[in-house]
Amino acid sequence: LGIGVFWLVLILGFVGFKEYTLRTGKEVLLKLQPVDPRDLFRGDYVILNYDISDINLETPEAFQENDTIYVRLKLNGNVAEFDGASNARPLDGLFIAGTVTDVSGNNLDVTYGIESYFVPEGEGREIERVREGMYAKIAIDASGRSVVKSLVLDGKEITFKK
């Protein structure tokens, strides 16, 4: 019984954090390019690769693989763009927390935990064909945690057939 309660609390906590971010986070758009829409075990989904996933730092800080990185964002309208990175959490402003997955010279590959988005069966291939003008609407909370809310193409949220 104790193990069951532990797992229930763990799962509800995870869902609660995501729901909190969805409800209280600042909505921004991040430019992306989707790839690889199908997984035999999980169904249709789109792997999202963001402009801010590949960072080139002129004066790189001492980042190593698996380090937490805080990417500062500036808004250009409602589109969030890279505005610097740090290994210390910013005290204010808009930022997103990620993990450094690869370091190569001044280039950092970063993941944010928002790299996959599930879509109704049969819709993934259609989304994969779109290569320009696609964004992800992201909710980012005050801690830098983020959740994908929807995909946006040409200024309109993508709706799926039912």
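Tutor: A residue is called buried under 20% relative accessible area, exposed over 50%, and partly exposed in between (1.4 Å probe, protein chains only). Serine 146 counts as buried because its relative accessibility is 5%. The model is predicted, so local features need pLDDT of at least 70 and side-chain atom pairs pLDDT 80 or more, while totals for chains, interfaces and linings use all residues. Residues are numbered from 1 along each chain as its sequence is written, and side-chain values use heavy atoms, leaving out hydrogens and water.

Student: In which strand is serine 146 found, and which residues does serine 146 touch?

Tutor: Contact means heavy atoms within 4.5 Å. Serine 146 is found in strand E11. Leaving aside residues up to four places away in sequence, serine 146 touches Lys18, Thr21, Ile96, Tyr112, Ile114, Ile138, Ala139 and Ile140.

Student: How should I read the chain as a whole, and how many helices and strands does the secondary structure come to?

Tutor: Helices (H or I, at least four residues) and strands (E, at least two) are DSSP runs, numbered from the N terminus. The protein chain has two helices and twelve strands. Their order from the N terminus is α-β-β-β-β-β-β-β-β-β-α-β-β-β. Buried residues make up 36% of the 162 residues. Among contacts with a separation of 6 or more, 62% join residues 24 or more positions apart.

Student: What is a nonpolar core, and which residues touch the most other members of the largest one?

Tutor: A nonpolar core is a set of buried Ala, Val, Leu, Ile, Met, Phe, Trp, Tyr and Cys residues joined through side-chain atoms within 4.5 Å. In the largest core, with 31 residues, Leu48, Tyr50, Ile69, Ile96 and Ile138 touch the most other members. Several strands each supply at least two residues of this core, among them E1 (26-35), E3 (43-50) and E5 (68-76). Strand E10 gives the largest share, four residues. As for isoleucine 96, its contacts beyond four places in sequence include Leu30, Ile69, Tyr70, Ile140 and Ser146.

Student: How are aromatic pairs read, and how many does the count come to?

Tutor: Rings of Phe, Tyr and Trp (its six-membered ring) pair if their centres lie within 6.5 Å; planes under 30 degrees apart count as stacked, over 60 as edge-to-face and the rest as tilted. The count comes to two aromatic pairs. The rings of phenylalanine 6 and tryptophan 7 have centres 5.6 Å apart and planes at 75 degrees, so this pair is edge-to-face. Phenylalanine 6 is partly exposed at 47% relative accessible area, and tryptophan 7 is partly exposed at 46%. The rings of tyrosine 70 and phenylalanine 95 also make an edge-to-face pair, because their centres lie 5.9 Å apart and their planes stand at 70 degrees. This pair links distant parts of the chain, 25 residues apart: tyrosine 70 belongs to strand E5 and phenylalanine 95 to strand E7.

Student: Are tyrosine 70 and phenylalanine 95 buried or exposed?

Tutor: Tyrosine 70 counts as buried at 16% relative accessibility, and phenylalanine 95 counts as buried at 4%.

Student: Where is isoleucine 127 found, and how far apart in space are isoleucine 127 and tyrosine 45?

Tutor: Isoleucine 127 is found in helix H2 (residues 124-129). With a relative accessibility of 5%, isoleucine 127 counts as buried. Isoleucine 127 and tyrosine 45 are 82 residues apart in sequence, and their C-alpha atoms are 9.4 Å apart in space.
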